[in-house]
Amino acid sequence: MKRKIYLFIFFCFSMFAGKAQIGGEYTYQFLELTNSARIAALGGAQIAINDSSDLNLPYANPALLHKEMDNRLLVNYVNYLADVNYGYASYAKTYDGIGNFAVGMHYINYGQFDEATEAGELTGITFKAAEYALNLIYSNSYKRLNYGINLKPILSSFETYQSFGIAADLGASFASKDGYTNLAFVVRNFGTQISKYYDGADSERIPLNIQAGISKRLQHAPLVFSATLQHLNHWDLASSDEEKDFNGETIHQREESFAKQTMRHLVLGAEILPSENFTLRVGYNYQRRQELKFDNKASTVGLSAGFGLKIKRFHFDYAISRFHLAGSSNLFSVSVNLNNNF
């Protein structure tokens, strides 16, 4: 008896993380999920934010791991779509003369499923599916240049099917002399699948994502603007809009302009800082909006918002990210400074 007819559902969930034209081409798609409430509020992908107190940032760019993050603890939780939940926990430590280190665990839990035969008959057996990635981060600096690496061993488990892999993020950031501008470049998820899900399976690629970003804080106003270009290794993120007649011949075809193609790579975010302890955030992801909206009702798909709150040694962040008219994703982040001299 062959089982697991619902196994494909797991991979459908993974496709939410990517964009429609590239989401189904890779394994370990959960690596592309945004687990930081702050980053999610800023559009879902920002790699150049210059903030030495936020331990969430090294997950997006390992070069953003600073010595000021020493002895900080972070826990993230995301209430995702279709009862899927995922999160991230991390701890950082700095050693003088050696560099900055952080260890983290990124996981996604797809929930519980009912086993069935190929005919759709339930067997009464339930099974689970989950994926995990250990994050081993190191960074250092040379003058105003920061560089880092994040090594990620990966375990993917769907019922009795399991796969192991290894990936790495390579990042760099460069700050201006006045500290108000920061440039960054990241190569995310450079790696390979070590073992396949079953004997005879084809080797699958990991979602490589090359990104470049900039953040700018205004000198005389409490505003920070951020922008990231993502998927630079995959320029065409949109399929052509075409219509075919009954014979299968194309009767109409429209290609997107260069400007719209560029916008699909661009993620925009802004932070308003009314005080040192409270921050408002908003973001816009054009690619997400184009792929997940309804043509006759775009609503707020692709938009995100959130806030950050500092209370003594604790830092709380919340974000809501609009993926579809059917629902949104809520993200929560809590970090604590464990230093005694805080």
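## Aromatic pairs and a nonpolar surface patch

Tyr318 is partly exposed, since its relative accessible area is 23%, where buried means under 20% relative accessible area, exposed over 50% and partly exposed in between (1.4 Å probe, protein chains only). The model is predicted, so local features need pLDDT of at least 70 and side-chain atom pairs count only at pLDDT 80 or more, while totals for chains, interfaces and linings use all residues. Residues are numbered from 1 along each chain as its sequence is written, and side-chain values use heavy atoms, with hydrogens and water left out.

A search of the whole structure finds 14 aromatic pairs; rings of Phe, Tyr and Trp (its six-membered ring) pair if their centres lie within 6.5 Å, and planes under 30 degrees apart count as stacked, over 60 as edge-to-face and the rest as tilted. Two of these pairs are set out below.

| Pair | Centre distance | Plane angle | Class |
|---|---|---|---|
| Tyr110 and Phe158 | 5.7 Å | 65 degrees | edge-to-face |
| Tyr318 and Phe332 | 5.3 Å | 50 degrees | tilted |

Tyr110 belongs to strand E3 (residues 99-116) and Phe158 to strand E5 (residues 145-158), so their pair ties together parts that are 48 residues apart in sequence; strands (E, at least two residues) are DSSP runs, numbered from the N terminus. Both Tyr110 and Phe158 are buried.

The pair of Tyr318 in strand E15 (residues 314-324) and Phe332 in strand E16 (residues 327-337) also links distant parts of the chain, 14 residues apart. Phe332 is partly exposed, with a relative accessibility of 39%.

Strand E14 (303-311) and E15 are the elements that give two or more residues to the nonpolar patch, and E14 gives the most, with 3 residues. Val334 lies in strand E16 and, at 34% relative accessibility, counts as partly exposed.

His315, in strand E15, is buried, with a relative accessible area of 11%. Leaving aside residues up to four places away in sequence, His315 touches Gly308, Leu309, Lys310, Ser333, Val334 and Ser335, contact meaning heavy atoms within 4.5 Å.

How values were computed. Helices (H or I, at least four residues) and strands (E, at least two) are DSSP runs, numbered from the N terminus.
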